[in-house]
Amino acid sequence: MEHIVIIGNGISGVTAARHIRKLSDKKITIVSAESDYFFSRTALMYVYMGHLKFQHTQPYEKGFWKKNRIDLKKGYVDEINIKNTTLIFADGSNLQYDKLIIATGSNPNKFGWSGQDLKGVQGLYSKQDLESLEVYAPNNQVCKRAVIVGGGLIGIELAEMLHSRHIPVTFLVRESSFWDVVLPKGESEMINKEIISNGIDLRLSTNLKEIIADENGKAKSVIIQETGEEISCDFVGLTAGVSPNIDVVKTSTFETGRGIKVNRFLETNIPNIYAIGDCAEQHEAIGNRRPIEAVWYTGRMMGETVAQTICGNQLEYKPGHWFNSAKFFDIEYQTYGWVWAQTKNNEARFYWEHESAKKCIHINYDKNTREFIGINTFGIRMRHEFFDRVLLEKQSVEYVLEHLADANFDPEFYKLHEKEIVVKFNTENGTTIQLKKKSWKRIFQTN
Ligand SMILES: Cc1cc2nc3c(=O)[nH]c(=O)nc-3n(C[C@H](O)[C@H](O)[C@H](O)COP(=O)(O)OP(=O)(O)OC[C@H]3O[C@@H](n4cnc5c(N)ncnc54)[C@H](O)[C@@H]3O)c2cc1C
């Protein structure tokens with residue numbers, strides 16, 4: 001019987017295994033060095049914050065794996081021997097495969113800072129990171145101040161986590177405004193205010209120079225590049241992005257860029273070996289998407305797609321329209337389609353912000369054709385299926401505004417803000433858009 005081996009028990013690897021099982025009787029083994037069972041990485045923060053126990057992040061019962069005949073092997077793969085189609089583990093053991101799926105995820109970035117490997121200095125990625133956070137930052141007695149380096153989605157999560165245990169946080173952000181490589185100015189400034197209003201010592205345009213050790217090899221302070229200021233701390237979180245974890249292919253003849261290069265069928269350059277999830281890099285980007293996308297749902301989609309190909313229904317990876325969501329302290333963020341940080345030549349923007357400075361929408365559209373290109377929403381929940389359809393049908397910006405009642409998830413929002421938004425758009429654009437009532441039939445059909 002054909003043996004499918006998967007390196008990595010994250011969302012990508014586990015989805016591939018589940019779907020191969022649905023489609024076939026093949027022998028399946030998942031290998032992981034990190035944890036016995038699959039867990040939701042995105043929920044790690046809630047374990048530290050006390051909302052969940054670690055076991056609650058594991059969506060499948062232990063019996064699930066046996067029942068579905070998915071073998072789990074704990075161990076670190078040092079090397080892939082392509083000639084012998086064998087994995088070589090750090091403990092010297094071997095495992096033979098017929099087809100191999102590499103789903104090894106990402107590593108937190110480290111940029112060669114002096115002191116980056118000291119005790120009390122870490123990223124936030126793995127189960128082990130969560131455990132060491134409990135050692136170095138369990139409370140504000142052991143950790144009198146934490147410094148976070150790198151202002152992206154994981155950095156702000158870590159700030160919220162530490163803040164939940166009343167640990168003072170200094171947050172070093174290289175850019176002049178939070179995540180402004182992705183967020184337009186209005187949204188980025190709104191999040192700056194949200195961070196500061198939560199008592200975080202936000203330092204914009206600020207780089208880490210080095211981390212200083214105490215006599216036990218543990219971090220005791222950081223030095224700021226621009227000013228030379230020394231900030232005492234007991235914990236340093238390195239959250240300056242992630243990079244594909246491709247250590248396992250480094251000694252073989254895999255084609256790599258930043259990630260493991262794959263074609264649209266998620267095949268690497270080595271026959272019968274595939275790569276999916278955070279570690280995979282498309283030869284050519286799909287539409288405006290990035291060739292590497294370190295997000296949860298694309299890992300899941302790649303897992304589903306590769307399972308089809310492995311089971312004989314060769315299927316191209318087509319992730320559809322871009323969307324994403326996150327939370328910045330209390331402000332929920334969603335994005336559908338494209339709203340780049342900088343407006344492009346053919347684009348026009350419409351921005352509305354609520355007086356509370358905790359809610360806004362930002363719509364991007366083509367100024368010549370009026371076609372809707374994308375929307376950012378903060379503090380307002382929108383319907384995925386609505387924007388997926390609008391993008392597919394290439395609807396206009398006017399259509400989106402007329403149908404805000406269908407777009408929006410939150411009935412209160414309709415009562416409170418939609419009229420105001422449309423009036424603002426009409427005033428700025430000389431249009432006469434009228435809000436349409438919620439079309440239940442339409443929503444029902446698109447569900
Ligand atoms: C704190 C945090 C919050 C996040 N929040 C969000 C979010 O809100 N929304 C979102 O879309 N995305 C989020 N992400 C990103 C998302 O979690 C990842 O895109 C996703 O988990 C990647 O899944 P994966 O299966 O590709 O890899 P991973 O989940 O990284 O799994 C790879 C596994 O392979 C193992 N492995 C690697 N090399 C070897 C080896 N040589 N031998 C054996 N095992 C090995 C690793 O230990 C790991 O267990 C978040 C990430 C983090 C870290």
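Trp179 is found in the loop that runs between strand E11 (169–172) and helix H6 (185–197); helices (H or I, at least four residues) and strands (E, at least two) are DSSP runs, numbered from the N terminus. This is a predicted model, in which local features need pLDDT of at least 70 and side-chain atom pairs count only at pLDDT 80 or more, while totals for chains, interfaces and linings use all residues. Residues are numbered from 1 along each chain as its sequence is written, and side-chain values use heavy atoms, with hydrogens and water left out.

Although Trp179 is not a glycine, its phi is positive, at about 50°. Trp179 counts as buried, with a relative accessibility of 14%; buried means under 20% relative accessible area, exposed over 50%, and partly exposed in between (1.4 Å probe, protein chains only). Leu266 is likewise not a glycine and has a positive phi, of about 70°. Leu266 sits in the loop between strand E18 (260–262) and strand E19 (273–275), and at 0% relative accessibility it counts as buried.

The next subject is the ligand. It is surrounded by 29 residues, of which the closest are Ser12, Glu34, Tyr125, Asp278 and Trp296; a residue is near a molecule or strand if one of its heavy atoms lies within 4 Å of it. The residues of this shell divide into 13 nonpolar, 12 polar and four charged. In this division Ala, Val, Leu, Ile, Met, Phe, Trp, Tyr, Cys and Pro count as nonpolar, Asp, Glu, Lys and Arg as charged, and the others, Gly among them, as polar.

Polar contacts are pairs of N or O atoms within 3.5 Å; within protein, one must be able to donate a hydrogen and the other to accept it, and residues adjacent in sequence count only if both atoms are side-chain atoms. An N or O atom in the side chain of Tyr125 lies 2.4 Å from an oxygen atom of the ligand. Backbone atoms take part as well: a polar backbone atom of Ile11 is 3.3 Å from a ligand oxygen, and a polar backbone atom of Val295 is 3.4 Å from a ligand oxygen. Taken alone, the ligand exposes 1000 Å², and the protein buries 90% of that; accessible areas come from the Shrake-Rupley method with a 1.4 Å probe, and for residues only the protein chains shown count as cover. The elements that contribute two or more residues to the shell are helix H1 (11–23) and helix H5 (153–164).

Charged side chains form a further set of contacts. Side chains of opposite charge can pair when their charged atoms come close. The whole structure contains 26 salt bridges, a salt bridge being a side-chain nitrogen of Lys or Arg within 4 Å of a carboxyl oxygen of Asp or Glu. One of them joins the side chains of Glu2 and Lys26, at 2.7 Å from N to O. Glu2 lies in the segment before strand E1 (3–7) and Lys26 in the loop between H1 and strand E2 (27–32), so this pair ties together parts that are 24 residues apart in sequence. Glu2 is partly exposed, with a relative accessible area of 25%, whereas Lys26 is buried, with 16%. A network of salt bridges links Glu2, Lys26 and Lys99.

Asp36 and Lys74 also meet through their side chains in a salt bridge, at 3.8 Å from N to O. This pair links distant parts of the chain, 38 residues apart, with Asp36 in the loop between E2 and helix H2 (44–48) and Lys74 in strand E3 (residues 70–74). Asp36 counts as partly exposed at 48% relative accessibility, and Lys74 counts as partly exposed at 48%.

The salt bridge between Lys127 and Glu131 has its closest N and O atoms 3.1 Å apart. These residues are four apart in helix H4 (residues 127–136), so about one helical turn separates them. Lys127 is partly exposed, with a relative accessible area of 22%, and Glu131 is partly exposed, with 40%.

Strand E4 (residues 77–81) and strand E5 (residues 86–89) run antiparallel and are joined by four bridges; two strands pair if DSSP finds at least two bridges between them. They form a hairpin with four residues between them, and Thr85 in the turn has a positive phi of about 40°. Asn81 stands opposite Thr86 in E5. E5 also pairs with strand E6 (residues 94–96) in the antiparallel sense, over three bridges, and Gln96 in E6 is the bridge partner of Thr86. The hairpin of E5 and E6 has four residues between the strands, and in it Gly92 takes a positive phi near 90°.
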